[in-house]
Amino acid sequence: MSALGEEKARQATQQLHSGELWLFLTQEGSDPNVGLVFGTNSVGKAAFMLDNDGPKALVSRIDAGHFEQHSTFLTTRTYAASFENELTHWLQELAPHTLLLNFSEHDVRCDGLTHGQYLSLEKVVRKALPDVQIVSSEERLSRVRAIKSPEELRRLQRAIDLTTVFYDRLLPTVQAGQTEREIQARMNALAAELGAAPDPGDFGGPLVLINRVGMSHRAPTDEALRPGDLLILDTALGVEGYFSDIARTIYLLRDDEDAPPQRERQVFAAIYGAIDAAYAVLRPGALGYQVDAAARQHLLNLGYPEIQHSTGHQIGRHVHDGGAVLGPRGDNTRRAPGLSVEAGMIFTLEPTILMSPDPSMIVEENVLVTEDGPQYLSTRQQQLWTAR
């Protein structure tokens, strides 16, 4: 725990300028960004802080033993009677001219303070530092979340590798007559066998969608697979708190077929090419909407419908993590598609074709951005998978 926390705390500290102090207020895990940046959390009310002198924490006495054993990289002080008084004294000692707090109007992952917590903290801050400037940490926190540390990369690669094994084991078991609900139950069981935690999403596990039944974020049904169906599977597996997100499409062969029909193969080829188009643009310095536009235009040029969502998003501690999004620019309220791609970010590439009841497909890969360009972390689906 502390090794990852030390990595991320160091990364966050590197975002700061002289005279800046970044303060995380939390109680019983109320701000999940504490876990992201410090690799730990508290039960009692606590203030985690970063400045150029390193990470600090003001914690209750009931939490002190935990921090002594598991978070030795933190300079820790404890309080018994009054959290507010101890925090006031420490802020006065540190004397920053700018205070960063975790609130955001644009990115829910950066919005770690409730309104009530903000109001109570503001009173303490104004008493301790009447002239300090309070600003949002959104820009810094977004980058800390998005740019993965070495340990985060290890965990994510493990999650992605397990998802590859997961699909390799699942595909031979898929056959006509199985219901969406049965397939999802088997996918959840298989994930557990592999020692991974499937993200439950809103519907109890991976998305299992027969194209004929309808394409949307929906719960699995008791509808059974038939020959000629397209089956879309979208799976996120968690390993040590970090998630993959990989989708695959399977065609159910009819008795007289040895391969999918030409129309289905053309749709798959179009998606494959759209992923290629996005991959070619996914480099440090590119803006999210520029990557999205490459995939989007590729499909439009081939006569397929407009992509109905973003071409890709970041993964990490959440299946849909924060920071830059590979999506359409839209109006000025959508900040994420205008953010720059940076080395160390991991994106999905999933330019889908949704035409239900005509052939719909989702193929989703996971890609790391490096200084030299993108790199696939997932094993690409090279052709439309088949089952009987």
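This is a predicted model: local features need pLDDT of at least 70, side-chain atom pairs count only at pLDDT 80 or more; totals for chains, interfaces and linings use all residues.

Let me start with Thr352, which touches Ile271, Leu299, Ile307, His309, Met361 and Ile362 when residues up to four places away in sequence are not counted, a contact being heavy atoms within 4.5 Å. Residues are numbered from 1 along each chain as its sequence is written, and side-chain values use heavy atoms, with hydrogens and water left out.

Thr352 sits in the loop between E13 and E14, where helices (H or I, at least four residues) and strands (E, at least two) are DSSP runs numbered from the N terminus. Is Thr352 buried or exposed? Thr352 counts as buried because its relative accessible area is 2%; the cut-offs, with a 1.4 Å probe and protein chains only, are under 20% for buried and over 50% for exposed, with partly exposed in between. The side chains of Thr352 and His309 are joined by a polar contact of 2.8 Å, and by that term I mean a pair of N or O atoms within 3.5 Å where, within protein, one must be able to donate a hydrogen and the other to accept it, residues adjacent in sequence counting only if both atoms are side-chain atoms.

Thr352 also belongs to the lining of the largest cavity, together with Pro305, Glu306, Ile307, Gln308, Ile353 and Leu354. On a 1 Å grid over the protein atoms alone, a cavity is a set of points where a 1.4 Å probe fits but cannot get out, whereas a pocket is an open set with protein on both sides within 12 Å along at least five of seven lines, and lining residues have an atom within 4 Å of a point. The largest cavity holds about 40 Å³ of space, volume being the space filled by probe spheres set on the points, with grid points joined across faces, edges and corners. The count comes to one cavity of 30 Å³ or more.

Now the largest pocket, which has a volume of about 910 Å³. Which of its 43 lining residues lie nearest its centre? They are His217, Asp245, His313, His320 and Glu350. Helix H6 (138-146), strand E8 (207-210) and E9 each supply at least two residues of that lining.

Phe347 lies in strand E13 and counts as buried because its relative accessible area is 0%. Leaving out residues up to four places away in sequence, Phe347 touches a set that includes Leu282, His313, Ala324 and Val341.

Elsewhere, Met187 is found in helix H8 (residues 180-193), and at 0% relative accessibility Met187 is buried too. Beyond four places in sequence, the contacts of Met187 are Phe166, Leu170, Pro206, Val208, Leu233 and Thr235.

Asn102, in the loop between strand E5 (98-101) and helix H5 (115-128), counts as buried at 1% relative accessibility. A polar contact of 2.6 Å joins the side chains of Asn102 and Ser137.

Finally, two backbone angles that I would like you to look at. Most residues other than glycine have a negative phi. Glu28, however, has a positive phi near 50°; Glu28 lies in the loop between strand E1 (20-26) and helix H2 (33-38) and counts as exposed at 63% relative accessibility. Glu240 likewise has a positive phi of about 50° although it is not a glycine, and its place is in the loop between strand E10 (237-239) and strand E11 (242-243), where Glu240 counts as partly exposed at 43% relative accessibility.
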